[in-house]
Each structure stands twice: as structure tokens, then as C-alpha cells.
Amino acid sequence: VVDIKEKTYKSKLYVPYIQLKVDKPQVRTPKNGNVECLIGLTSNLPITAGEVLAAVKTLKIGSRSPDFTIQKRGTYKLDIKISNMPISELKNELRLKIDKGIGMKTSLDYRYNLQKLSDFRVVKIDLNQEANERSEMVIRFSNRISPDANFQDAVTITPEVDYTIKSYADHIKIIGDFIYQKNYSVYIDSNIKNTLGYHLKSEFNQTVMFKDIMPQLHFLSDGLYVDDKANQSVGFKTMNLKYIEVDVIQIFPNNVGFYLQSNALKPTAYGLDHSSIRRVGERVYHKKIELNTIKNKWQYHQLDFKSILKSIQSQSKDGNSGIFYCTVRFNRGAMNVIGLQDRQHYGDTNDPNSYNFLYYNGSRSKPIIFSSLMMSGLTGKKQANISVKYSPTAAPIENAKVTAHSYANQEISSGTTNKEGQVVLSFNKQPYYYKVQKNKQVSYLLPSDMRVNLS
């Protein structure tokens, strides 16, 4: 006998509250002596203008309750618009109260001193450095700038340098032939006005310096395949580096499937997964290459894989088959910049004195397959249409064997290309990768990227 006792359980249904965020009021250009004030609202949940309008209990500027409208700006954003507002009211406090009955946990009570909008000043200067291009200063202001502002007369930079000025809503760009590691004094006259007619609070004067561009390196292409009949070179560029080190690891043909279980056929920023690489391949090439550095300019280089392959072929019976993983890296001693300190620290990834800088920026790696077989296609749940072409001429390749392999590296389907270089493979489970082979030529393709990817 089983005694079953009836129990009653009470549960609460969770209903999220609406949370409203009020943006800093924006005042538009004066018109006929009056201005227009916009108060932005952002909600965490969808909300309508009618719901907000019904919930606004108080909207005052000083002691006056102005007329206003509410405009929808998206699913979660609205604007409260006050039109024909006298400029004199910008000395008062704005107060907005919205009742919690709209779905908020507590009522909203927002206050803002509009006097702050008359506080026209320079907020900050950002320096944008582009190698091989003119550098620029971005000077940001606290309010929108008057369209009539004449910065050509108001701005002075010493020592003299050729520059141009472009004006935007709330900032200007000064683009010039600035010299790195040199101090420049930036002066802005207080006659500059904002859209409300207020002058800069005071003259602005600040000294800035364009520092050396941080050391870096990048491959010129994310491409995977290199035509084994062409010049067999891989391009990369460097910035402020005295030398780089090159490592090439050969993933042996029989181990490619196991390699793909934990690695992708695409470039990586932080080097190799050495624990998995050691199981499927080995380093076949290492060299330190001295560079002719021109400070703060991109330098372009080519890795001559034709000579690299010659040395590899003398060591390996597999020749240039399989996948080659090329890593280009630099260390602290290779950096050619001013400001390196004796000690390193953990911190900003953009600081060359940080350990994190080398971790995130000190190496770039990419897989390379030397083959004239270009493979691309479309894949579905049960079939894949694969196309194989000859890379130098894009001519279709006939009688190339194409196989589909599982994650466990087992062949699950195969076929041979026709005169058009096409083959349709059928399978019962999704392939993990495709392989095409003709004579000694081999290429690989992942279902996640069925495009031709030439280096």
C-alpha cells in the first residue's frame, strides 16, 4: 500500500520590469530665436510612444511645462521633443517624471541642468596614426559646433606643418605631415562658437606628440592554396621590426584528418596549438630574417617557399604534400620603437612594454597547401556538388578523385570528376572535410568554407 498525499505548490511567474535610460538632452540649431530640445529614452523591452506619453507625469523646464511630442526611433528607442524653446531657458533645470505604472519597478525622476549645454569647451584630442598616410588629430568638443565656425583662422599649430582641417558636428580633424616623436602645440581661439551661439569657455592650448606606431606584422592574404607551379611565395608586411623569425611545420598527409579535428584551415593570430601539432607533424624549417626597417612605414616582404621546399624535400620523403603551417613571429628585441623599458608588466595589449602585447601581436600563423587543384562546391544534408579546377587557368580537371571523410577520418563517400570537373557525392552523415587527389597533387576543403581560397 502506497500512501499518496496531495500537495499544493505555489509558484510566482517572473515578469521582467521595464528599465528606461535617459540620454543627455540634445539641443538643435537655433531657428527664429528658439531652439529644439530632444530627450532620448532607451528601454530594455519594446515600448510604444503612446505608453510613454500616458506615463509622463511631469516635464518642466524651470517652472514652465512646455508642450512636447514623443517620436518612435526604433523598437527600444524614443525621443521626447520640445519645440520652440527660448534660448533663455537653457539656464534652467529640466525635470522629467515617468510613472512606474508603465511597467517599471520604481518611477523615473530625471533632472538635468541645461546650463551645462552652454559650457562649450574642448573635451579631448585623439591621435590617429596611419602608416604610409598623413596622420590626423581629432579634436572633440562638448557641444555641436556652429556651421559658421572658421577654424582656419582659429587654429594654430607650432612648429609649422602642412595640414588641412575638416569640420564635423562636434569635432574637427586636422590632417597633416606630422613628424613622429616630435612635440606640437595646438592652439584654438576662444572665438569659436557652438550651435547655440556660446563661445569656447576659454582659449585652448595643448601639447601633443605622435609616438612611434606599435610593432606589428600581418600576412598579405588569408589564402590557403599556393600554386605549386608558380613562384611559390607568401607575402607579409611588417611595421617597426628589425627582424622576424619564421617557423614551418609540416602536417604529414596521413595525419591531415587528425590535424583538422582541432585546427582550422585559416590564419590564426596567436600562433599554433603546439600540443596538437606535435602529434601530427614536425618543424621542418626555422630561420631568423633581418629586415631593412624604415620607421613608421609598412615594409612588404615575400617568403620564398621555393627554396624552403628544396630544404624540406631533402629532409622528408613526403616532399611538398600535406599541409604546411607557417608562423611568422617577433620578440622584444626585434621592436624598433622609442619608449621600451627595461621591465615588462602585465597590462594593455597596445603597450609594447606589456607581456600581453607580444601574446596578442607577436605572431601570425597560416596553413599553406601547395597544389594546383582548386576545390570549391555546395554541400547539403545528403549530397555535395564539388568542382575541381586547375588554378593557373581555371580549366576543369577531369578524373580527379574526390573523397568525403568523417570526423573520425573515415572515408564515407568518393567519386571522380567528369569533363566539367564536377562530381556529386552522396552520404548518410555529414562530412568533416573533403579531399581531392590527382597524381601527386592533393587539396583539402572544409564544409564550413566551400570557396576557393588562394594565397
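Colleague: Which residues in the largest nonpolar core touch the most other members?

Modeller: Ile39, Val52, Met85, Leu96, Ile98 and Leu114, out of 31 residues in that core. A nonpolar core here is a set of buried Ala, Val, Leu, Ile, Met, Phe, Trp, Tyr and Cys residues joined through side-chain atoms within 4.5 Å. Buried means under 20% relative accessible area, exposed over 50%, partly exposed in between, with a 1.4 Å probe and protein chains only. This is a predicted model: local features need pLDDT of at least 70, side-chain atom pairs count only at pLDDT 80 or more, and totals for chains, interfaces and linings use all residues. Residues are numbered from 1 along each chain as its sequence is written, and side-chain values use heavy atoms, without hydrogens or water.

Colleague: Switching to rings. How many aromatic pairs are there?

Modeller: The structure holds 11. Rings of Phe, Tyr and Trp (its six-membered ring) pair if their centres lie within 6.5 Å; planes under 30 degrees apart are stacked, over 60 edge-to-face, the rest tilted. Phe178 and Phe210 are stacked, at 5.0 Å centre to centre and 25° between planes.

Colleague: Are those two buried or exposed?

Modeller: Both Phe178 and Phe210 are buried.

Colleague: Why is the pair Tyr346 and Tyr355 called tilted?

Modeller: Because their planes are at 35°, with the ring centres 4.7 Å apart. Tyr346 is exposed at 68% relative accessible area, while Tyr355 is partly exposed at 38%.
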